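Have a look at the sequence and the 3D view, then read on.

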Amino acid sequence: MPSTGELLVGLALLIVGAIVGALAFSLVVGRHRARRVARLADRLAKATGSEDLGTFRYPDRELSSALGRLTERIAAVEAMARSDLLTHLLNRQACLETLADEVGRTNRYQRPLAVALIDIDHFKRVNDSHGHAAGDAVLRHVAELLRANVRTADVIGRYGGEEFILVMPETDVDGGLASAENLRRVIARSALQLDGLSISVTLSAGVAGGSGATSLDGETLLRQADIALYNAKAQGRDHVEPYYPPNDAAAVVRATIDPAARSQAALLGQAAFDASNRQLLQALADRPGWGGGASQLIAAVAQDVARAVGLPEGDVDRIRTASLLHDLGKLAIPDTILSKPAPLTSDEWRTIVEHPKIGQVVLEQAGAIRDAAAIVLHHHEWFDGRGYPHGLAGGEIPLGSRIVAIADAYEAMISDRPYKGRMSHADAIAELHRNAGSQFDPALVLVFADLFPRGVEPRVVAASATRRGA
Ligand code: GH3
Ligand code: MG
Ligand code: MG
């Protein structure tokens with residue numbers, strides 16, 4: 001399959017070829033040299049294949065120079081198809097092709113390869129404060145510095161918006177880190193002077209790679225570099241971070257936490273999960289016709305089958321849990337139907353067939369605890385991106401986290417702490433308003449202030465009171 005670039009070049013070639021062909025036609029036919037037309041057509045057809053137009057020599061001088069110009073045009077079109085218009089670096093497509101070539105070479109010869117994804121920090125602010133044209137100038141400035149400071153064998157390109165990609169052949173992750181770190185330093189100390197302004201930016205980078213000992217694939221490398229980049233941003237930006245493979249099956253692989261704390265947290269989560277499963281099963285235990293043993297057997301068998309077809313452990317876990325709980329919906333079916341010795345009426349049967357849906361509702365309620373994970377993870381993010389752990393901003397922060405952040409802060413303000421006294425409700429609302437847009441979602445601060453004009457009554461909510469009306 002030809003690439004898009006090749007298709008474009010082919011197409012351009014055809015169009016330019018047709019123009020030159022038409023020119024040649026009028027030129028040549030005008031002189032009654034029909035055989036040349038036939039030969040020219042032949043050559044042009046070949047040229048649109050893989051023939052090198054540079055070797056094209058034609059006895060007619062005018063034609064020859066027309067073809068020479070055509071050759072140059074084609075070379076220019078090809079270069080254009082591979083280059084980014086704004087920065088003149090290689091474009092995304094060309095970078096991906098280079099990466100694929102290098103991955104192939106790495107795997108053939110077992111040589112190391114590293115890739116860095118580089119992203120300008122808070123670039124949106126540059127556009128916001130100085131305008132889009134200045135943003136473009138900064139992009140060109142950064143691109144020029146990157147090009148001038150990579151090693152000869154390295155390939156740098158514009159991956160998209162304000163992101164760049166650096167492919168480093170014959171380089172392991174440590175070497176890649178050193179190169180990316182060098183670029184980070186260069187950019188941090190090279191402000192752009194523009195119309196009397198000095199605009200400086202920083203960049204963050206994620207580096208992934210392999211030593212050549214195991215076979216690599218481009219997509220995985222990019223994904224790993226992207227995770228590393230995300231972590232670099234989370235460390236406060238202006239930072240270069242290598243990809244670390246996750247060392248356990250924890251759902252949140254992007255959060256960097258102390259391994260001991262993480263395994264304790266995982267144990268606690270597992271215990272909560274087991275306890276809720278036991279509770280659910282317990283609720284079924286006294287129902288007529290409920291055989292707990294049957295579910296255990298089904299779960300054991302299903303788990304073995306899931307493993308045998310090669311599913312990952314996470315999926316195996318889910319299938320085992322679902323098997324244990326698959327008849328949960330029977331909770332909502334009257335005993336009289338469950339234990340009826342005679343055949344069921346059609347109405348009773350309609351009730352029975354409801355049970356998988358009821359099971360789904362029960363589990364969705366229980367599953368709220370899992371959905372809470374993302375909200376918990378991000379409840380200290382700031383609306384302007386200065387929070388932790390990931391430095392998400394605005395709408396990137398889950399809505400739930402933005403809500404919890406306000407409620408959490410409000411509670412802290414109106415409570416006594418060992419190091420400070422409590423604030424009044426009015427002062428707390430004023431404080432929320434003061435930090436709207438930086439720490440808090442401004443729209444939510446307004447909702448909060450409207451909802452509680454005088455104060456908040458202390459009351460108790462059950463953890464499971466979520467998802468009403470689900
Ligand atoms: P972060 O540190 O998290 O990367 O923050 P950021 O502001 O750099 O990231 P975000 O992805 O939110 O914004 C990227 C901005 O880059 C948004 C977009 O307008 C700008 N941008 C992308 N391409 C161009 C371009 O060609 N020219 C200009 N001037 N701006 C661009
Ligand atoms: Mg970006
Ligand atoms: Mg950025």
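How are α5 and α6 oriented to each other? They are oblique, the label for any angle that is not under 35 degrees (roughly parallel), over 145 (roughly antiparallel) or 65 to 115 (roughly perpendicular).

Before going further, some ground rules: this is a predicted model, where local features need pLDDT of at least 70, side-chain atom pairs count only at pLDDT 80 or more, and totals for chains, interfaces and linings use all residues. Residues are numbered from 1 along each chain as its sequence is written, chains are lettered from A and ligands numbered from 1 in the order written, and side-chain values use heavy atoms, with hydrogens and water left out.

**Two helix pairs**

Helices here are DSSP runs (H or I, at least four residues), and strands are E runs of at least two, numbered from the N terminus. Their axes are lines fitted to C-alpha atoms over the stretch in contact, with angles from 0 to 180 degrees between N-to-C directions.

| Helix pair | Axis distance | Angle |
|---|---|---|
| α5 (residues 123-130) and α6 (residues 132-149) | within 7 Å | roughly 135° |
| α15 (residues 399-414) and α16 (residues 425-434) | 9 Å | about 140° |

On the α5 side, F123, V126, N127 and H130 touch H132, A134, G135, V138 and L139 of α6, where contact means heavy atoms within 4.5 Å. Sorted by class, that gives five nonpolar, four polar and no charged residues. In this scheme Ala, Val, Leu, Ile, Met, Phe, Trp, Tyr, Cys and Pro are nonpolar, Asp, Glu, Lys and Arg are charged, and the others, Gly among them, are polar.

The angle between α15 and α16 makes that pair oblique too. Here I406, Y410, M413 and I414 of α15 meet H425, A428, E431 and L432 of α16. This contact splits into six nonpolar residues, one polar and one charged.

**The magnesium ions**

Now for the metals. The magnesium ion (ligand 3) has D119 (OD), I120 (O) and E162 (OE) as protein donors, at 1.9 to 2.2 Å. Donors are N, O and S atoms within 2.8 Å of the metal (3.2 Å for Na, K and Ca), and sites may look incomplete because water is not among the atoms. D119 sits in strand β1 (residues 113-120) and E162 in the loop between β2 (155-160) and β3 (163-169), so the pair ties together parts 43 residues apart in sequence.

The magnesium ion (ligand 2) is held by D119 (OD) and E162 (OE), at 2.2 to 2.4 Å. D119 bridges this ion and the magnesium ion (ligand 3), and the two lie 3.6 Å apart. Is D119 buried or exposed? With 7% relative accessibility, D119 is buried, a label for under 20% relative accessible area, with exposed over 50% and partly exposed in between (1.4 Å probe, protein chains only).
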